[in-house]
Amino acid sequence: MLLALATLTPFFGALVPLLADRLGRNLCAIATGAVTLTALLLVLSHAPSVYSGEVPAWSVPWLPALGLSFSFFLDGLGLFFAGLILGIGLLIILYARYYLSSKDSLGVFYFYLLMFQGAMVGIVLSDNILLLIVFWELTSLTSFLLIGFWNHLPESRQGARMALVVTGSGGLALIAGMLILGHIAGSYEITEILQRGEAVRSSPLFLPALLLILLGAFTKSAQFPFHFWLPHAMAAPTPVSAYLHSATMVKAGLFLMARLWPVFAPADAWFYIVAPAGLITMLIGAWIALFRDDLKALLAFSTVSHLGLTTMLFGLATPLAAVAAVFHILNHATFKCALFMSAGIVDHEAGTRDIRRLGGLLTLMPITATLAFIASASMAGIPFFNGFLSKEMMLEEAAHTVYAGHEWIFPALATLAALISAAYSYRFAISTFLGPVRGDYPHKPHDPPFGMWLPVAILAALVVVIGLFPALTAGPIVERTASAVVGGALPEYHLAIWHGFTPALVLSAIALAGGALLFICYGYADQLRLVFAGMDAKSVYDAGISGIVRGARAFIVATHNGSFPRYAGVTLLTILAVGVAAFFQAPHGAGTRPVIPGAFPASAAWIVLATLCISLLFWHQNRLLSLVLTSGVGLIASLFFLQFSAPDLALTQISVDIVTTILLLLALNLVPQNSPTETSTGGRFSRGLLASAVGLGVGLLAYGIMTRDFQTISDYYLAEAKPGGGGTNVVNVILVDFRGFDTFGEIIVLGIAAITIFALLDNALRGAAARTLATIRDRVESKNAHPMMLVIATRVLFPLALVVATFIFLRGHNEPGGGFIAGLIVAIALIMQYIASGYSWAAERTRLDSQILIGAGVLIAGLTGVVSLIFGWPFLTSTYTHVHLPLLGEFELASAMSFDLGVFLAVVGVVMLSLAQISRVEARAETDAVPEGPMDVPLKDGRVAGSNDGEN
Amino acid sequence: MELLVASAIGLMTAAAVYLILQQRTFPIVVGLTLLSYAVNVFLFSSGRLIANKPPVISDADAYTDPLPQALVLTAIVISFGMTALIVVLALRGFLETATDTADLPEDELLRDMEDDR
């Protein structure tokens, strides 16, 4: 439990700095530090049991069917990394407090930092490889935010994007690799997989799994040829660089190699791939670092080189190499973090981190210089500093390595890399701090405040103490961690400065002396570098990325070109192709179900329908006519529903038809009345061909379905409608009871559509839209906008329509009718008033806002469902009772009726909001007075109808 | 009778698709309305054609399948919502640009893509 808590603490704690931001920078930093400290203490509370040989674990299933569980465990390796991540995290928090300027939001920075920290801790504590992947991806995302923290700088954004692309695509490979690994191991728990190394290695899928997982690890740890993203990530603020590139992000790949070492290392493929990859990275990184003038770039490539060193050690696949690797991870974290922070201090105080503009800082910033000297000495591998120890161990291991029969490759190249590494370390320290004091620093350099150099001092102290007393200080940690890596007992070894005259000592001496020589001959080496100038992985990356962009753009221009007809055509063609393919792959032909013999009325209706459809094709450019023809089709559809036992549908269809026609008429009033002829005969022909093919397909499908028998699931509904739902109209009972949740969702969708319409038209009377309206005004105006006959008729009909709607609503549960239909009828009655008497007249008399109607409808329907929850039934369970009222007699009252009321209100609101909004736009053109007459309803303030001053 | 209904569905669909492939917004909306009719009739007919047996519980011995009816009823209402939304989108688009074409000129498309960067 505490383990999971240790992982989650930084995640939840990430909110703390956001909240504490306004309390001032010091409090914000302290609060953030407290979060990290809590997590660190939670981890360390397990340290005694880990060091006594136990492995604390905690697990809850998450998605057991997929093998995903929320499980954590803490062995020596996990403890080592978690301590490193959280311990150095504390120092970074302190350092960042002084490093970031007051213009940067410290709260947001700490928020990102803690999120990242949580993800890192998650990686190292996960016991489940799927969970590990989740955290792995989280580090990619959060490091993207951290690297791009100064998002106003283009190089920041570019660096962040590049890091995300490279580590993200590596992450995809890792997912695939982990899935294969889990599949062949038969478990996704790391502790289980480590036990089944033999079985995993013998699987034919072992090599793909290994390659994919290595791809993930190599991209994350910037191994050649994926090393190029890391230096570009240096555009981040220095605390981020120090954190990501010394202790965390890039070490995640190393961690993964260490974690799975017992499974992979015994395989030959591991040695033959990983060891040379690390060696090459070590060499190339060092070589590039030597010639960087930017201090941070130098350190970045040096990091690449040291990551290569560690990777190579893991790749050598011997237990002693693993010990050396663990030890070097610890040493590198201390000296590299200190160096990054020193570089940041120089940048901060001197105003530049370009080596060519620096030099002579020793007297101006003595504390920083001393600390940087210590850390550089360690990086160079000078005795009595911790870097020397692990580097010597590395050389010792390399000296014994025979690669494909060649004895000299590893010792020679590893020594060469160590030599160059010594040279760039000298360059970093000497060119920055020694030499004459210059007069042209951008700022006047001085030592930073105590809080800024304190973290560097702590790390430098560690560098010295470990360097002097390795066995006493780092010994137990390295031993416990390395034995967790190899998964068993370690051979005998000694962490000591003096091992006698070993080959490694000789190689170390060569590296240190040769490094000094190389530094002295820097000018000649620089000439040599130009020979290799053409080799740049970034240009390959850039070319790849711009190629992808060009391809994507060409694809978009070809397919997504903004032409709706083309989209529709492509979509329809695809559907058609799928349909045709399915048609020929399955038995087809008419079914055997007895057909109903055709009758005269049906044939007549068919002929009318066919005439309407064909007429539409020829006269669709006359928009009013096309609307009339379409309504005719709707009318026939209603008759069809009526004929085939669906009175509810017939009622709904005909009322929706009316509403839709009104809606389209209103819109048509504003848009052009005719469609121009734009397409060639060939275009029309191909459209016609596509349309015919689609129509033929749908028709055949319909015929195929209708002539076959089927199994219905409706028997339950028919049987239970009366006893269970308390209604005899099964369609209505399904709507408001059996599938009430569906209907509930539907009225919400309708409400959203109506509110979108409102949003689209509410501000249509301003700006460009208003100017268009002004130009078409003359056309929209009618000579006689409000004919007397129509005005009187609609007002007389209004109360009658309301009575009909009430009747339809009340009987809905038992006879055809219900909330939908009743709502449509009321809406039609209301909209008729708008049409006959104009928007202003009607709007002035509207007591109920349509939006309130929609809201009330959804709320009432929802509350009906909630009430059943109160009684302990599932949501939207309905009940009914029989009520006896004097005069009316006994009748049935179902709770579903209140749900139907909600549906009713929502439908009225939706229709009114849509139509009234369009009418409101048109009301601009209303100038005629509404005829006054006996049917007029006087307004409260004594005015009479017809005054159009409301809206105009 | 089934043949009549199936061919009617096919006719409506064909006419609807033809209208949807036009270049102006209004025919497209009319086409969508027509397509809604076709689809609703199609869905309904998946419950097979049965005359004079409405699913209202009475003394009758058999009823037609009520489920497609319930689904189509909601479909009719939803298609109204959809049509209304599209009409208003088209209307606002016309008011903003003074043209009701459903085609975006290629140079505008390229300009939009440049803006995205």
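**Helix packing, chain contacts and backbone features**

In chain A, helix α31 (residues 647-670) and helix α38 (residues 819-837) have axes that come within 9 Å of each other and cross at roughly 30 degrees. Because angles under 35 degrees count as roughly parallel, α31(A) is classed as roughly parallel to α38(A). The crossing of these two helices, α31(A) and α38(A), is left-handed. On the side of α31(A), the contact is formed by Leu651(A), Thr652(A), Ser655(A), Val656(A), Ile658(A), Val659(A) and Ile662(A). The residues contributed by α38(A) are Phe820(A), Ile821(A), Leu824(A), Ile825(A), Ala827(A), Ile828(A) and Ile831(A). Classified by residue type, the contact of α31(A) with α38(A) contains twelve nonpolar and two polar residues, and no charged residues. The model described here is predicted.

Chain A also meets chain B. In this interface, 104 residues of chain A are in contact with 82 residues of chain B. The element that gives the most to the side of chain A touching chain B is helix α32 (residues 681-706) of chain A, with 14 residues. By class, that side of chain A has 64 nonpolar residues, 30 polar residues and ten charged residues.

Chain B itself has four helices and zero strands, and its elements follow the order α-α-α-α from the N terminus on. Of its 117 residues, 60% count as buried. Among contacts in chain B between residues at least 6 apart in sequence, 55% join residues at least 24 apart.

Several backbone features occur in loops of chain A. Phe224(A) and Pro225(A) are joined by a cis peptide bond, with omega at about 5 degrees. Pro225(A) is located in the loop between α11 (206-220) and α12 (229-232) of chain A.

Positive phi values were also computed for Ala317(A) and Phe384(A), each a residue other than glycine. For Ala317(A), phi is near 65 degrees; this residue is found in the loop that lies between α17 (295-316) and α18 (319-350) of chain A. Ala317(A) has 20 other C-beta atoms within 10 Å and is therefore buried, the cut-off for that class being 20 or more. For Phe384(A), phi is near 80 degrees, and the residue lies in the loop between α19 (366-380) and α20 (386-399) of chain A. Phe384(A) is partly exposed, because 14 other C-beta atoms lie within 10 Å.

Terms used:
Residues numbered from 1 in each chain as written. Chains lettered and ligands numbered in written order. Predicted model: local features only at pLDDT ≥ 70, side-chain atom pairs only at ≥ 80, totals over all residues. Contact = placed C-beta atoms within 7 Å. Nonpolar A, V, L, I, M, F, W, Y, C, P; charged D, E, K, R; others polar. Axes fitted to C-alpha atoms, helices over the stretch in contact; angles between N-to-C directions. Parallel < 35°, antiparallel > 145°, perpendicular 65-115°, else oblique. Left-handed = near helix turned anticlockwise from the far one by under 90°. Buried ≥ 20, exposed ≤ 12 C-beta atoms within 10 Å, placed from the backbone.
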